[in-house]
Amino acid sequence: MAEKMEFPAGTTPSGVAGRHIVLGLSGGIACYKAAEFCRALIKAGATVQVVMTPSAAEFITPVTMQALSGRAVFISQWDDRTAGGVDNNMAHINLSREADAIVVAPASADFMAKLLHGRADELLSLMCLARPIERVPLILAPAMNREMWTHPATQRNVAQLRADGAHVLGVDAGAQACGEVGDGRMLEPDALLEAVDAFFYDKSLAGRHVLITAGPTVEAIDPVRVLTNRSSGKMGFALASAAARAGARVTLVTGPVALATPSGVQRVDVSSAADMFAAVQADVHDAHVFIACAAVADWTPATPAAQKLKKDGSGEPPALRFVETVDILATVAASARAQSGDLYCVGFAAESHDLERHAQAKRERKNVPLLVGNIGPATFGQDDNALLLVTAQGTEEMPLASKKALAHALIKRIAQAI
Ligand code: C5P
């Protein structure tokens, strides 16, 4: 059963969720990755119809792909089973008409050469040729040996396929099944999903630079002990991923978190509030949006001890003196570019109670056009959240949904606002 992504009320779903993908496999050892990719598509909420070339069926069985996709697999143009609910023995027409996209993964060198010439001697190439070109995009994930990939014929074919409107994804570098090392491996299933998912988003932030802070900060007490907080970074990372999918150049300044960098995002790892401020200052000059999602320490030990603080037997704990950290958001929001409207600043408020009152007060104090409130203890480390958007015009609720879905909804709002 597909896990569907929950979207906040009034927002439209994007990405592969709810889409029907025809997943084509041509012959290559990377077919084993297509099995995992098929599962990932379904997990992300897509439905998948697998079509294989006879060569692909030499590498992985249709039974495997049928079990993973939950649908009968088509291989032959002479297959007379009902396809796409129609009984006319024209699988190449019927299967392509119901697709939101055809994704060929792996796309072998030979298969791409065939597509280029409009050849159609088996079902998959026939279906690619017969697809309504304006309505059904063709996405190709090349997979081949490094010599085959760099061969002028292949590079010429890739360029021409792009010119003909196909979306040819990149390849991975590294060890190849043949024992050689270089470019040409098919992207890993996770990266493939990211790329195909990103394809279905509006590029509403194209040409924009979005700078985001995320995660906790860590303030040293002595060389061993630190002061930190429970922020997982999930919301900030989800925002970075959503902004990248919306076409923005994204810089993500993050405290220590156990999260993978979203694809297409430039990550800057920092530790203390002071480090985070310095990293933001280094990158904010050409940003169009600044989203302060990090849980930044408000105070830091005035002078971290050079050596580990020891118990002295008196029973008295050491007296720690704190100084306030720089308010990164307020400082950026007070800059000339923010004041002139060239830089749109968004703050977050994690409160424990009385969310609306505190969030509105915080928005005014920090002088930002948008402040996003949430209940901290309810959301730290969780995959879900509920948000309260506070602007000068009033408030808007985004009820409980996945952080991923909320991030997309929020990025859409920000894109509209700028
Ligand atoms: O004042 P408070 O910490 O509650 O404000 C939260 C908002 O301000 C968040 O957007 C947070 O990222 C930002 N902030 C900051 N620098 C600080 C403290 C908070 O950017 N030193």
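Q: Is Lys114 buried or exposed?
A: Lys114 counts as buried, at 9% relative accessibility, where buried means under 20% relative accessible area, exposed over 50% and partly exposed in between, with a 1.4 Å probe and protein chains only. Bear in mind that this is a predicted model, in which local features need pLDDT of at least 70, side-chain atom pairs count only at pLDDT 80 or more, and totals for chains, interfaces and linings use all residues. Residues are numbered from 1 along each chain as its sequence is written, and side-chain values use heavy atoms, with hydrogens and water left out.

Q: Which residue does Lys114 form a salt bridge with?
A: The partner is Glu122, with the closest N and O atoms 2.6 Å apart; a salt bridge here is a side-chain nitrogen of Lys or Arg within 4 Å of a carboxyl oxygen of Asp or Glu. Glu122 also counts as buried, at 7% relative accessibility.

Q: What about Asp197, which side chain does it meet?
A: Asp197 meets Arg245 in a salt bridge, at 2.8 Å from N to O. Because Asp197 lies in helix α9 (residues 189-199) and Arg245 in helix α10 (residues 234-245), the pair ties together parts that are 48 residues apart in sequence. Asp197 is buried with a relative accessible area of 6%, and Arg245 counts as buried at 7%.

Q: And Lys366, where is its partner Asp327?
A: The side chains of Lys366 and Asp327 meet in a salt bridge of 2.6 Å, N to O. Asp327 lies in the loop between β15 and α12 (328-333) and Lys366 in helix α14 (residues 355-366), so this pair ties together parts 39 residues apart in sequence. Lys366 counts as buried at 17% relative accessibility, whereas Asp327 is partly exposed at 30%.

Q: Changing topic, which residues make the nonpolar surface patch?
A: Leu227, Trp299, Leu320 and Phe322 make a patch of about 380 Å². Patches are made of residues with over 30% relative accessible area and no salt bridge, like charges being joined within 9 Å and nonpolar side chains (Val, Leu, Ile, Met, Phe, Trp, Tyr) within 5 Å. Leu320 lies in the loop between β14 (299-301) and β15 (322-324), and is partly exposed at 39%.

Q: What is Thr300 in contact with?
A: Thr300, in strand β14, is in contact with Glu219, Arg321, Phe322, Val323 and Thr325, leaving aside neighbours within four places in sequence; contact means heavy atoms within 4.5 Å.

Q: Zooming out, how many helices and strands are there?
A: The protein chain has 16 helices and 19 strands, which are DSSP runs numbered from the N terminus, helices being H or I with at least four residues and strands E with at least two. Of its 418 residues, 49% count as buried.

Definitions and conventions: Accessible areas come from the Shrake-Rupley method with a 1.4 Å probe; for residues, only the protein chains shown count as cover.
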